[in-house]
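I opened this notebook to look up a few packing and pairing features. The entries below follow the order in which I checked them.

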Amino acid sequence: MTVSNFSIEFYPPHTAAGEARLDAVHAELSQLDPDFFSVTYGAGGSTRHGTRQLVMKYQAQGSEIAPHLSFSGLNEDGVLELLHSYLNAGISRLVALRGDIPSGSGTSVHSRYASELVEFIRHKTGDAFHIEVACYPEIHPEARSYAADVNYFKDKVEAGANSAITQYFYNADAYFHFRDYCAKQGIGIPIVPGIMPITNYQNLARFSIKCGAEIPQWLGRKLETFGEDTAGLRTYGLEVVSELCERLLVGGAPGLHFYSMNLAGCVKALWDNLSLSDR
């Protein structure tokens, strides 16, 4: 299989200094010539303005940008206005998500499914956008069951999604089992693994609990041994994630999507280890 879909994710910074740092990171990672950069969209649309600002700026600089988008914090008119502004800017790829409900909103807040958003985009813009959606090899933390979660994924595909990006994971078998199970359920779109570099164990452990990503026991125990040795942890993390990526690519994964955490070094090191510029 020819592998060509390599992409990198950013999140909108909350300060001018953070945005300046991200501008430098974007410039550095642009030299890798990824297929696209995605820009996240916070809970309840909390980073909507920052997302749009970054998307427009980096698109104007010549990068292909895929904004994250959800109904969270917007009605249909607001989503449609965003879609038209993105089309006018030459953007042709979106990441369509259900979106998280902001904390403190209570259970009365209705969150519309990503399949509804995909259907809405297709109804309003036809095939103008390549639509990415999310999926979960280790299953969404709110899912009733494995089969139910895959059915939700299938709903997004049938609504018109072109490809999918997974939540990050560190167990390649989880991805392969998920991919093969999805194929048996009639899901035929490319499923691109999401890759999280390992740079800080405490932050990774906290975030993994929140999003339902599993850190295998052998890996967690090993990472704990580094303590304050940040350099040692990053070196070991690079080795582990590089091996994971190589196994995924050899096993037929149709690309990789790197969660950069707005850092250049970890993504560049993985890119070089995997010789992605040559693939």
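Entry 1: I began with Lys 57, which counts as partly exposed because its relative accessibility is 24%. My cut-offs: buried is under 20% relative accessible area, exposed is over 50%, and partly exposed is in between (1.4 Å probe, protein chains only). The model is predicted, so local features need pLDDT of at least 70 and side-chain atom pairs count only at pLDDT 80 or more, while totals for chains, interfaces and linings use all residues. Residues are numbered from 1 along each chain as its sequence is written, and side-chain values use heavy atoms, with hydrogens and water left out.

Which residue does Lys 57 form a salt bridge with? The partner is Glu 19, and the closest N and O atoms are 2.7 Å apart. I count a salt bridge when a side-chain nitrogen of Lys or Arg is within 4 Å of a carboxyl oxygen of Asp or Glu. Lys 57 lies in helix 2 (residues 48–60) and Glu 19 in helix 1, so the pair ties together parts that are 38 residues apart in sequence. Helices here are DSSP runs of H or I with at least four residues, strands are runs of E with at least two, and both are numbered from the N terminus. Glu 19 is buried, with a relative accessible area of 19%. I also found Glu 19, Asp 23 and Lys 57 linked in a network of salt bridges.

The structure holds nine salt bridges. I looked at another, between Arg 93 and Glu 132, with the closest N and O atoms 2.5 Å apart. Arg 93 sits in strand 4 (residues 93–96) and Glu 132 in strand 5 (residues 130–135), so this pair ties together parts 39 residues apart in sequence. Both Arg 93 and Glu 132 are buried. Arg 179 pairs with Asp 180 at 3.2 Å between the closest N and O atoms. Arg 179 is partly exposed at 24% relative accessibility, and Asp 180 is partly exposed at 37%.

**Entry 2: the core.** Which members of the largest nonpolar core touch the most other members? I noted Phe 153, Leu 248 and Phe 258, out of 84 residues. Helix 9 (residues 230–250) gives the largest share of this core, eight residues. Such a core is a set of buried Ala, Val, Leu, Ile, Met, Phe, Trp, Tyr and Cys residues joined through side-chain atoms within 4.5 Å. I listed contacts of Phe 153 (heavy atoms within 4.5 Å). Leaving out residues up to four places away in sequence, they include Val 133, Cys 135, Phe 178 and Ile 189.

**Entry 3: helix 8.** Which residues of helix 8 (residues 217–224) are buried? They are Leu 219, Gly 220 and Leu 223. They cover an arc of only 95° around the axis, which puts them on the same side of helix 8. That arc is taken from the directions from the helix axis to the C-beta atoms. On the other side of helix 8, I found Gln 217 and Arg 221 exposed. The cover over the buried residues includes helix 7 (201–211) and helix 9.

**Entry 4: backbone.** Asn 262 is not a glycine, yet has a positive phi of about 60°. Asn 262 lies in the loop between strand 8 (256–259) and helix 10 (265–273), and counts as buried at 12% relative accessibility. Ser 275, in the segment after helix 10, has a positive phi near 50°. Ser 275 counts as partly exposed at 36% relative accessibility.
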